[in-house]
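Good morning, colleagues, and thank you for the time. Please look at the display before I continue.

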Amino acid sequence: MIRAVFLAAATLVALTPLAHAQGFETPARAAYVLDHTTGTELLAKNADEALPPASMSKLMTLYMAFEAIASGRLSADQRLPVSEHAASYGGSSMFLDTTDRVRVEDLLRGVVVLSGNDASAVLAEALSPDGTEAGFARLMTERAREMGMMNSTFANSNGWPDPRQRMSMRDLGILASHLISDFPTFYPMFAEQEFEFDGRVPSNSQNRNPILGLGIGADGLKTGHTSEAGYGLVGSAKQGERRVIFVITGLDSTESRRVEAERIVNWSFRQFAQRDIGAAGTRISEAEVWMGERNRVGLTLAEDVSVLLPVMSGDDLAAEVVYQGPVEAPIEKGQALAELVIAREGMPATRVPLVAETGVARGGFVPRVKVAASVLFDRFGPEGLTLPGLDPLAEDPAPETDATPEAEPATPATEDET
């Protein structure tokens, strides 16, 4: 393993849990905070514990509905029937009945703004492989695994209390990140504060997200509450070019949820600052090449790189280039060869891919022989070299000569000799 130190520090600093390093404490039973812009984890408290997600699990139903619309399996104007099962749900509701045929777009808003349990079930039955909500829940679990959400299992589409309905806060953060990145045309729906469906339930027309409209950049995503789960929120806020995603659960009231959500947003933006490291294509270092027409290749950033720093920590960074080498030729331009590992005290390391600046062809006969000779020289010393005329440290091998030397020409005769 070759390690080349880069940037300002001589060694990588030891990393400590960020929540403790930055002194932020939350009364939430579990919490997760992610800087979406740089991919930096800012806070993780019981983040991988599988807990009852309540209505926050509706985000998975919404994601799969958005996928169905994007693929053409469902259209926003399509009207869906309401089954007796869907209409039987209590709690947060659009108050649908079996005589309704509801536009998909209205159902989506019914889930996002009104947190409608019945609306979730209608969408689930329409997308289920067997036409049942339970069948859709199995599909939700499979899709969650494909997305890397390994601590999520679903028994229904809406978070109705069930011992099999579980999600971790990290999984909910992953899901929120996908919703924002994968469906930018649908995401603005999460910022809508009111939806009066058919005018039938004026008392249930307001978005329950408590930090929308506070002027802190909040624009999504979903609240949740049951007696078992407590009060929770998957939220996101954007200020300038930065976006933060956070998940909290297990709070004891709507007021404590509001206060804690606002605290987290303010802390995330005030206590951390973004610093640009370099643009895509910036040369960072070099890697040694084995059996190539050249013995080194430049390493460049594969993408624009920014890191997040605690505002009180200064600009000290520790970083190193790490790769397995020397790298055997041939090498293609843009081929991933290494990583730039950037560390900041008290924060998780950032790992950035580095790629080949140019292509390197496999060397011809002479370069390969020189490499082999160099290996023998390093391993055995001069005694290991048995190829005559070959100096592994020379630019080129000695020229070849014939085995039998040419005869010397005869001396020409003079006029006096006979």
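The largest cavity holds about 40 Å³ of space. Please keep in mind throughout that what you see is a predicted model. Counting cavities of 30 Å³ or more, there are two. Which residues line the largest cavity? They are P52, P53, A54, G159, W160, P161, D162, Q165, R166, T226 and E228. Sorted by class, this lining consists of five nonpolar, three polar and three charged residues.

The second largest cavity also has about 40 Å³ of space. Its lining is made up of V112, V113, S115, N207, R208, N209, L221, K222 and T223. Strand β6, residues 218-226, supplies the largest share of that lining, with three residues. By class, one finds three nonpolar, four polar and two charged residues around the second largest cavity.

S115 sits in the loop between α4 and α5. Is S115 buried or exposed? Its relative accessibility is 3%, and therefore S115 counts as buried. Setting aside residues up to four places away in sequence, S115 touches S55, K58, S92, G110, R208 and K222.

Let me now widen the view to the chain as a whole. The protein chain has nine helices and 16 strands. It comprises 418 residues, of which 48% count as buried. Among contacts with a separation of 6 or more, 63% are between residues 24 or more positions apart.

How many of the 11 residues of helix α5 are buried? Helix α5, which spans residues 117-127, has 10 buried residues and is mostly covered. The buried set consists of N117, D118, A119, S120, A121, V122, L123, A124, E125 and L127. These buried residues pack against α2 (58-71), β4 (79-81), α3 (84-87), α4 (104-112) and α6 (133-146).

In soluble globular proteins, nonpolar side chains tend to be buried together. Here, the largest nonpolar core contains 61 residues, and the members that touch the most others are M60, L107, L108, L175 and F190. At least two residues of this core come from each of β2 (30-35), α2, α4, α5, α6, α7 (169-182) and β8 (242-251). Helix α2 gives the most, with nine residues. As for M60, leaving aside neighbours within four places in sequence, its contacts are M140, R143, A144, M147, M149, F154 and L175. Another core lies apart from the largest one; this other core has 25 residues, including I211, A237, L251 and A261.

Side chains of opposite charge can pair when their charged atoms come close. How many salt bridges does the structure hold? There are 25 salt bridges.

Consider R170 and D48, which form a salt bridge with their closest N and O atoms 2.7 Å apart. This pair joins distant parts of the chain, with R170 in helix α7 and D48 in the loop between β3 (40-45) and α2, 122 residues apart. R170 has 22% relative accessibility and so counts as partly exposed. D48, with a relative accessible area of 41%, is likewise partly exposed.

A second example is the salt bridge between R109 and E192, whose closest N and O atoms are 2.8 Å apart. This pair, too, links distant parts of the chain: R109 belongs to helix α4, E192 to the loop between α7 and β6, and the two are 83 residues apart. Through shared partners, salt bridges join D77, R103, E105, D106, R109 and E192 into one network.

How values were computed:
Residues numbered from 1 in each chain as written. Predicted model: local features only at pLDDT ≥ 70, side-chain atom pairs only at ≥ 80, totals over all residues. Heavy atoms only, no water. 1 Å grid on protein atoms, 1.4 Å probe; cavity = no way out; pocket = protein on both sides within 12 Å on 5 of 7 lines; lining within 4 Å. Points joined across faces, edges and corners; volume = space filled by probe spheres on them. Nonpolar A, V, L, I, M, F, W, Y, C, P; charged D, E, K, R; others polar. Helix = DSSP H or I, 4+ residues; strand = E, 2+ residues; numbered from the N terminus. Buried < 20%, exposed > 50% of the residue type's maximum accessible area, 1.4 Å probe, protein only. Contact = heavy atoms within 4.5 Å. Core = buried A, V, L, I, M, F, W, Y, C linked by side-chain atoms within 4.5 Å. Salt bridge = Lys/Arg side-chain N within 4 Å of Asp/Glu carboxyl O.
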